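Please examine the sequence and the three-dimensional structure shown below.

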Amino acid sequence: MAVFFRDRADAGAQLARRLDQVRAAGPVVLGLPRGGVPVAAPVAAALAAPLDVLVVRKLGVPGQPELAMGAVGEGGVVVLEERVLRVADVVDADLTRVRDEQQAAVDRRVRLFREVRPRVPLAGRTVVLVDDGIATGSTARAACAVARAQGAVRVVLAVPVCSPDAVPALAAATDELVVLSSPPGFRSVGQAYADFRATEDDEVLDLLRGR
């Protein structure tokens, strides 16, 4: 798979050019922490929109943490991948344990980010959800559900790169899906970036402070 973006800031700048038509709706731009926030920042700047975060966490299959069986988000929203649960033969007790662990992680991160940026109200607003890329789509779909639960009237999901397998379910979960690249040879999000170093909490906090 070819490299399409220098880094997350470059990806955000390219994504912003595809989202200019959303400006008239007066949107709120929400980055998915942590890696989605550096992508969302140039989008918010280009659209003259407020930048905020929406916290979600993947639910990894026990023993296979990179395999997503669902996701949880702010407000206790849960999205489950029923096919993965069946194939991996996940029992209810394990699902409950993982869900509770990840919900606690969501709550901790929410407290951290809300210290520097109170949540922007979403009621009646158009929301642009931004991540640095999508593999399975469960986390992004959880984010869409959280945004709607918080009152968003229109949800636009915008990502630089996305697995082709995830596109149909994401399109069904959103009002508009904007994807710059969905290559048939997709193996991981990081392959689309020349620089895909981890995003730290301090970087997210600085971006939320407008630095």
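The paragraphs that follow treat the helices, the nonpolar cores, the backbone and the pockets in turn.

This is a predicted model, in which local features need pLDDT of at least 70 and side-chain atom pairs count only at pLDDT 80 or more, while totals for chains, interfaces and linings use all residues. Residues are numbered from 1 along each chain as its sequence is written, and side-chain values use heavy atoms, with hydrogens and water left out.

Helices (H or I, at least four residues) and strands (E, at least two) are DSSP runs, numbered from the N terminus. Helix 2, residues 36-47, has 12 residues and spans 16 Å from its first C-alpha to its last, close to the expected 16 Å at 1.5 Å a residue. The expected span of a helix is 1.5 Å times one less than its number of residues. Nine of the 12 residues of helix 2 are buried, and the helix is thus mostly covered; buried means under 20% relative accessible area, exposed over 50%, and partly exposed in between, with a 1.4 Å probe and protein chains only. These buried residues are G36, V37, P38, V39, A40, A41, V43, A44 and L47. Their cover includes helix 1 (8-18), strand 1, strand 2, strand 6 (126-130), strand 7 (154-161) and helix 7; contact means heavy atoms within 4.5 Å.

Helix 4, residues 92-114, has 23 residues and reaches 32 Å between its first and last C-alpha, close to the 33 Å expected at 1.5 Å a residue. Its buried residues are L95, V98, Q102, Q103, A105, V106, R109, V110, F113 and R114. An α-helix has 3.6 residues a turn, so residues three or four places apart point the same way. Among the elements that cover the buried residues of helix 4 are strand 2 (51-53), strand 3, strand 4, strand 5 (78-80), helix 3 and helix 7 (201-208).

Attention now turns to the nonpolar cores. A nonpolar core is a set of buried Ala, Val, Leu, Ile, Met, Phe, Trp, Tyr and Cys residues joined through side-chain atoms within 4.5 Å. The largest nonpolar core has 43 residues, of which L15, L19, V29, M69, V128 and Y193 touch the most other members. Helix 2 gives the most to this core, with seven residues. The contacts of M69, not counting residues up to four places away in sequence, are L59, G60, V61, P62, V79, L80, E81, V84, L85, V90, L95 and V98. A second, separate core of 27 residues includes V28, A140, A166 and V179.

S138 lies in helix 5. With a relative accessible area of 0%, S138 is buried. Residues up to four places away in sequence aside, S138 touches A68, G70, A71, V79 and E81.

Most residues other than glycine have a negative phi, and most peptide bonds are trans. The peptide bond from P33 to R34, however, is cis, with omega near 0°, and R34 is placed in the loop between strand 1 (28-31) and helix 2. A48, although not a glycine, has a positive phi of about 55°. A48 belongs to the loop between helix 2 and strand 2, and is exposed at a relative accessible area of 65%. D89 is likewise not a glycine and has a positive phi of about 55°. D89 is in the loop between helix 3 and helix 4, and its relative accessibility of 62% counts as exposed.

The pockets complete the account. On a 1 Å grid over the protein atoms alone, a pocket is an open set of points where a 1.4 Å probe fits, with protein on both sides within 12 Å along at least five of seven lines, and lining residues have an atom within 4 Å of a point. Grid points are joined across faces, edges and corners, and a volume is the space filled by probe spheres set on the points.

The largest pocket has a volume of about 850 Å³. Its lining comprises 28 residues, with P33, K58, D131, D132 and T139 nearest the centre. Strand 3 (56-61), strand 4 (64-73) and helix 5 (138-149) are the elements that give two or more residues to this lining. By class, the lining has 10 nonpolar, nine polar and nine charged residues; Ala, Val, Leu, Ile, Met, Phe, Trp, Tyr, Cys and Pro count as nonpolar, Asp, Glu, Lys and Arg as charged, and the others, Gly among them, as polar.

The second largest pocket holds about 310 Å³ of space. It is lined by 14 residues, of which E81, R83, V84, T136 and D165 are the closest to its centre. Strand 4 and helix 3 (82-88) are the elements that give two or more residues to the lining of this pocket, and helix 3 gives the most, with four.
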